[in-house]
Amino acid sequence: MQIVKPSFKVMRGLDRDVIPFLEECGRTCYKSEDLITPMSASKFVSGIVKSKHESVIEHASITVRIVGSRSMTHQLVRHRIASYSQESQRFVNYSKDKHGSEIVFIDPMFKVEGKRYTYEQYEKLFDHYSGNNEDAPQEFMHMFKAYTHFEENCRMVENEYMEIVEECFVNPEDARELLPNSCKTEIVITANLRVWRHIFAERAVNNKAQFQIRYLTQGILKEFNAVLPEIFGDIVDTIDKNNGWVV
């Protein structure tokens, strides 16, 4: 059994070359291609985004691989139009050696009494107090209890899954009914830049969004903005102004 943090990797499409390409696309609308210069693309694309002429930025897309929980991806796939390829619990048999003969779970990063914790912090504190919760300060007691329950549940699920697959010969597509929302899944998402802006507005900016999806989308947004500030800078500014960063 493993418990890991959610993560992501940009696979393709995040490139500065997209800015002059989008300028060429956008100037078609006005037949102003004669105004293209080596320095004109950034200002033009920034203006396109500011004027909400966002159909132009649909001509470019970015692909990202995300590692997160099933509960998170159930929300993510509601965004359209985008393309998704997701790890299938129906076809993946986690009892096999190629999958480490184990189930991987995503750290829920519990918020306990107003403070956010990670499984890594829990492990370090648990080791520090030699596994004796009674010696820990009172402020950690509820966090210890929450993660202890989580660990125990993950271990129980893994044991029961392995048992019915290996000893009862249940197919993975049926055995998956035992698996909880915290199971790790991988999903590849390709979306055009307009859709990515919508995803960030709904999931990275919105402080009512689930913490895990905010954590992931804010990380992706930061990486996108480092390369394409003309497209995503205004969304970053909104989070800055609201002091809304969780990553």
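This is a predicted model: local features need pLDDT of at least 70, side-chain atom pairs count only at pLDDT 80 or more; totals for chains, interfaces and linings use all residues.
Figure 1. Phi of K31 is near 50°. That value is positive, and K31 is not a glycine. Most residues other than glycine have a negative phi.

**Figure 2. M109, a buried loop residue with positive phi.** M109 belongs to the loop between β5 (104-106) and β6 (111-112). Its phi is positive, at about 50°, although the residue is not a glycine. The relative accessible area of M109 is 2%. M109 is therefore buried, since the cut-off for buried is under 20%.

**Figure 3. The cis peptide bond between R80 and I81.** R80 and I81 are joined by a peptide bond in the cis form. Omega is about 0° here. Most peptide bonds are trans. I81 is placed in the loop between α3 (70-76) and β4 (82-86).

Figure 4. Helix α8 covers residues 211-227, 17 residues in total. Of the 17 residues, 13 are buried. The helix is therefore largely enclosed by the rest of the structure.

**Figure 5. T217 within helix α8.** T217 is part of helix α8. With 4% relative accessibility, T217 counts as buried. Its side chain reaches two backbone oxygens: that of I213 at 2.7 Å, and that of R214 at 3.5 Å. An α-helix has 3.6 residues a turn, so residues three or four places apart point the same way. Setting aside residues up to four places away in sequence, T217 touches I199, F200, R203 and A204.

**Figure 6. Packing of α8 against α9.** Helix α9 is made of residues 229-241. The axes of α8 and α9 are 8 Å apart, and the packing angle is about 135°. This angle makes α8 oblique to α9. The crossing of the two helices is left-handed. On the α8 side, the contact is made by Q218, L221, F224, N225 and V227. On the α9 side, P229, F232, G233, I235, V236 and I239 take part.

**Figure 7. Packing of α4 against α5.** Helix α4 spans residues 119-128, and helix α5 spans residues 141-166. Their axes come within 11 Å and cross at roughly 110°. The two helices are therefore roughly perpendicular to each other. From α4, the contact uses Y119, Y122, L125 and F126. From α5, it uses M143, F144, Y147, T148 and E151.

Figure 8. A209 lies between α7 (193-205) and α8, in the loop that links them. At 12% relative accessibility, A209 counts as buried. Beyond its neighbours within four places in sequence, A209 contacts E202, R203 and R214. R203 is also among the residues touched by T217. V246 is 37 residues away from A209 in sequence. In space, the two C-alpha atoms are 12 Å apart.

Terms used
Residues are numbered from 1 along each chain as its sequence is written. Side-chain values use heavy atoms; hydrogens and water are left out. Helices (H or I, at least four residues) and strands (E, at least two) are DSSP runs, numbered from the N terminus. Buried means under 20% relative accessible area, exposed over 50%, partly exposed in between (1.4 Å probe, protein chains only). The expected span of a helix is 1.5 Å times one less than its number of residues. A polar contact is a pair of N or O atoms within 3.5 Å; within protein, one must be able to donate a hydrogen and the other to accept it, and residues adjacent in sequence count only if both atoms are side-chain atoms. Contact means heavy atoms within 4.5 Å. Axes are lines fitted to C-alpha atoms, for helices over the stretch in contact, and angles run from 0 to 180 degrees between N-to-C directions. Angles under 35 degrees count as roughly parallel, over 145 as roughly antiparallel, 65 to 115 as roughly perpendicular and the rest as oblique. A crossing is left-handed if the near helix is turned anticlockwise from the far one by less than a right angle, and right-handed if clockwise.
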